[in-house]
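These are my notebook entries on a two-chain model. I looked up each chain, its sheets, the contact between the chains and the nonpolar cores.

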Amino acid sequence: MISKEVVIKNQSGLDSKQAAMFIQKASNFKAGIWIEKGERKANAKSLLGMLSLGISSGTKIVLIADGEDEQSAISDLERYLTSGLAEGT
Amino acid sequence: MAKTTLSGTPVSNGTGVGKIYAFEQTSIEINRGKIKESLINEEILRLDVAIDKTLLEILDLSNDLRQRLEAESSLIFEAYKTILEDKYFINEIKDLIIIKKIFAENAVDMCINSYVSAIEISDNAYVKQSITDIKEIGSRIIRNIIGGKTVKQNLDDIDNKSIIGVKCLTPWLAAAFGKKNVSGVIAEEGAAYFSHAAIILRDLGIPLMNKVSYDLVMNSNGHVAILDCNNGNLIIEPDKKEISVYKDLYKSRIFDLGGFFRKKNTYAETVDKKRIVVMANISNVDECDLAVSNSADGIGLVRTEILFINSAEMPDEKQQRAIYSKIVKKMKAEPVFIRTLDAGEDKIFSVFTSKMSINHKGLRGIRFSFTQMDVLTAQIGAIVHSALFGQVGITFPMVNDVNDILKVKGIINDIVNRMDDKSRSKLNIKIGAVIENRKGIENIDSILEEVDFISIGTNDLLQEMQGASRKDLVESDKLYLHPDFLIAVKYCCMKSHEKGKPVSVCGEMASDISAAVLLIGMGVDSLSMHPAKITAHKELIRKISYQQSKEILDQVLKMLDEHEVSDIVNEWLRSLI
């Protein structure tokens, strides 16, 4: 299992649209993937899970992956979260 | 009940007249009791079935509305689907059933509530907007588990003359009301300007007003009302005069055959908010693209006789079906009006000269087609089938009396009866008569009883009335501006509107701006012309007032000839530009 700290920078954070796109990316990996925000941890392949974290702009989160492709999962998803999220709603 | 006016925040423009229908959102009794170990599997099955059912309901709504919504607005359905297909979410519910030994609906409720409260404490305002949607999904699933009144059943009493009052509007309800093409929607909450519900109804062109107390609406359940979202008023029990003023402004919506005419930003409305539908006349499939690029509100006339003019022989039903369907598909959400073969003496048919018998008796329009029943039946069959792909109106040229219509309706019914149930339920075809001779005008009352709309064929009518051959008419003559002719056209409009049926004009008269403004003054709902002229017409419509065009019409009807009429109209038009 590996993990990585990421700061979300786009303006709307993980709103429903961004979250929906993110879970699609995450679902491409075999590894189990989670996002931790403070004390809450949610499955990164679940839209409700992602929404329930209410990740806003500027939030620090921990990306966690566990499984055979965990390495590429972390690096791909980190890149997506730091530079792939769209601006605004 | 005395006349009352309620105000609110309008979030989707337009006006609607109808009966208030207070839409009750019954709270659901959730059984919080425990279940026996042996019933756990049964509860899980109930959950799975309900989730599938909910998913199907969404697919149903999104399929029906897809063509009418902007791509962005359809995303809400994707989000609903994603949640219903979220196996982590569903497994959580199942775990609750197994571990806590509770009923499926209770597990769904608990699970949804835990997500909602987590989102409520978060500081992301964008995510908070999704709370309504999540709650909605929860309650849909629960309703489907319990099998009580689903939205579908609740919606049975609603029709396109209803103004729906609701306590909390959700995108789901907005879509369901939209599918029913209601006259308007009033909500106490859930309909902020940027809410999905508001976006959906704006896309569909259905007026929506937010922040109106549901209790007050409930008190006026069943009463006639005007929803005026241009001014933010709900007028309950208005007087007759008020209704007629609004109905007048509202007529163009009656024409829209189910709401498909209303394309955002591209439609043309007079300064006093009367919508005029501006469509394209086409003679071949490629002209569809021209119509689309000129923002046509639809195809007002497909001249089928010209469509096949270069064919060596008349295409059979299958070939025609392919061509009409192509046009209908190209126009996507916009309606297409297809006129059956219009055989007149001035139209040459290479196709027919060889195959069809010669037009001995000088029969015209649909009467001539009746002498070629196999050709007519094949064409009607092809047109009816093209209506499976969109909004189609079928029009019949030079209808003389109601028997012409009854005859073609018989043919249409035979075709429809041979379709399977599924196709039949999808079919949305409207039937119209082209009124273009004296006989047609004389019999207009009985014809109107049997059609959904009329189209006035100004070219042929003019030819008959003036005794002039159409070939001799040059544009500068503008005989259609003659007061006698205007009175005849106005008479047709009045008769049609008395029966609540819309009127369109597709001839040259509609494409001449000075005549078009007079047609607007008569209350003509739709003008159809060459695609290239559409933009200029729409620009003009946005500058004029319906009220004023009526006044100008009254004025010109007192004139002596077309020159005087032309002078008055042109002077008015110059003052506008």
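Entry 1, chain B overall. I looked up burial in this predicted model and found that buried residues make up 47% of the 577 residues in chain B. I recorded 28 helices and 17 strands as the secondary structure of chain B. I then took the contacts in chain B between residues at least 6 apart in sequence, and 71% of them join residues at least 24 apart.

Entry 2, the sheet of chain B. I traced an open sheet of eight strands in chain B, with the order S1-S8-S7-S3-S4-S5-S6-S2 and mixed pairing. I noted strand S1 (4-7) and strand S2 (9-12) of chain B as its edge strands, each pairing on one side only. The twist from one strand to the next averages 30°. Gly16(B) has Leu227(B) as its bridge partner in S7(B). I also found helix H9 (residues 196-204) of chain B packed on the sheet, where it touches S2, strand S5 (184-189) and strand S6 (208-210) of chain B. The direction of H9 makes about 60° with that of S2(B).

Entry 3, one helix of chain B. I checked the length of helix H17 (residues 373-386) of chain B: at 1.5 Å a residue, its 14 residues should span 20 Å, and the end C-alpha atoms are 20 Å apart, which agrees. I listed buried residues of H17(B), among them Leu376(B), Gln379(B), Ile380(B), Ile383(B) and His385(B).

Entry 4, chain A. I counted three helices and four strands in chain A, and along the sequence they follow the pattern β-α-β-β-α-β-α. Of the 89 residues of chain A, 44% count as buried. Among contacts in chain A between residues at least 6 apart in sequence, I found that 70% join residues at least 24 apart.

I read the four strands as an open sheet with antiparallel pairing, in the order S1-S4-S2-S3 (chain A). Strand S1 (2-7) and S3 of chain A each have a single partner strand, so one side of each is left without a neighbour in the sheet. Neighbouring strands are turned by 25° against each other on average, direction ignored. S1(A) pairs with strand S4 (residues 60-66) of chain A in the antiparallel sense over six bridges, and Lys60(A) in S4(A) is the bridge partner of Val7(A). Helix H3 (residues 70-84) of chain A lies across S1, strand S2 (32-37) and S4 of chain A, and runs at about 5° to S1(A).

I found 19 residues from chain A and 17 residues from chain B in the contact. On the side of chain A that touches chain B, helix H1 (16-27), strand S3 (40-43) and helix H2 (47-53) of chain A give two or more residues. H2(A) supplies the largest share of that side, five residues. I sorted the residues of the side of chain A that touches chain B into five nonpolar, 10 polar and four charged.

Which residues have the most contacts inside the largest nonpolar core? I found Met50(A) and Val185(B), in a core of 101 residues. Helix H4 (residues 104-121) of chain B gives the most to this core, with seven residues. I noted a second, separate core of 83 residues, which includes Phe337(B), Ile366(B), Ile383(B) and Met509(B).

Note on methods: Residues numbered from 1 in each chain as written. Chains lettered and ligands numbered in written order. Predicted model: local features only at pLDDT ≥ 70, side-chain atom pairs only at ≥ 80, totals over all residues. Core = buried A, V, L, I, M, F, W, Y, C linked by C-beta atoms within 7 Å. Buried ≥ 20, exposed ≤ 12 C-beta atoms within 10 Å, placed from the backbone. Expected span 1.5 Å × (residues − 1). Contact = placed C-beta atoms within 7 Å. Nonpolar A, V, L, I, M, F, W, Y, C, P; charged D, E, K, R; others polar. Pairing = 2+ DSSP bridges. Axes fitted to C-alpha atoms, helices over the stretch in contact; angles between N-to-C directions.
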